Amino acid sequence: MPTTTVEASPTFSEGAILHGSGQCRPCAWFYKPGGCGNGAACRHCHLCPEGEIKARRKAKVRNMWLGTSIDNLQSVLPQGQSGNDCSMPVEAGPGAANL
């Protein structure tokens with residue numbers, strides 16, 4: 001049975017207002033086969049790429065393990081950058097020597 005992929009092109013939604021700041025909340029339904037039923041009235045962001053929810057969840061877990069919160073990262077980042085940048089240096093925690 002062939003699998004089908006959904007190719008949704010990002011569209012503006014009410015939740016996309018904060019997209020550039022990294023404070024938006026990605027829509028979990030936008031890239032699903034049925035799409036988002038709320039359309040432009042959706043309170044979640046339709047501009048985030050597919051997989052952004054999973055990437056943010058992984059970053060949150062990683063930051064919890066490192067003892068860093070996203071709020072602390074936002075305060076030290078230049079304006080307009082999010083805390084999900086892989087090129088940002090991470091300080092080693094107390095157990096890092098055992099890795």
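User: Which residue just after H1 takes a positive phi?

Analyst: In this predicted model, that residue is glycine 67, whose phi is about 75°.

User: Which residues of H1 are buried, and where do they sit around the axis?

Analyst: The general idea is that an α-helix has 3.6 residues a turn, so residues three or four places apart point the same way. In this helix, the buried residues are Glu52, Ala59 and Asn63, and they lie on the same side of H1 because they cover an arc of only 35° around the axis. On the other side of H1 are the exposed residues Lys54, Arg57, Lys58, Met64 and Trp65.

User: Which residues form a nonpolar patch on the surface?

Analyst: That patch is formed by Phe12, Ile17 and Leu18, which together have about 340 Å² of accessible area. Leucine 18 is found in the segment before H1, and because its relative accessibility is 46%, it counts as partly exposed.

User: Where does alanine 41 lie, and what separates its C-alpha atom from that of glycine 15?

Analyst: Alanine 41 belongs to the segment before H1, where its relative accessible area of 47% makes it partly exposed. Although alanine 41 and glycine 15 are 26 residues apart along the chain, their C-alpha atoms are separated by 8.1 Å.

Definitions and conventions: Residues are numbered from 1 along each chain as its sequence is written. This is a predicted model: local features need pLDDT of at least 70, side-chain atom pairs count only at pLDDT 80 or more; totals for chains, interfaces and linings use all residues. Side-chain values use heavy atoms; hydrogens and water are left out. Buried means under 20% relative accessible area, exposed over 50%, partly exposed in between (1.4 Å probe, protein chains only). Helices (H or I, at least four residues) and strands (E, at least two) are DSSP runs, numbered from the N terminus. The arc is that of the directions from the helix axis to the C-beta atoms. Patches are made of residues with over 30% relative accessible area and no salt bridge: like charges are joined within 9 Å, nonpolar side chains (Val, Leu, Ile, Met, Phe, Trp, Tyr) within 5 Å. Accessible areas come from the Shrake-Rupley method with a 1.4 Å probe; for residues, only the protein chains shown count as cover. A salt bridge is a side-chain nitrogen of Lys or Arg within 4 Å of a carboxyl oxygen of Asp or Glu.
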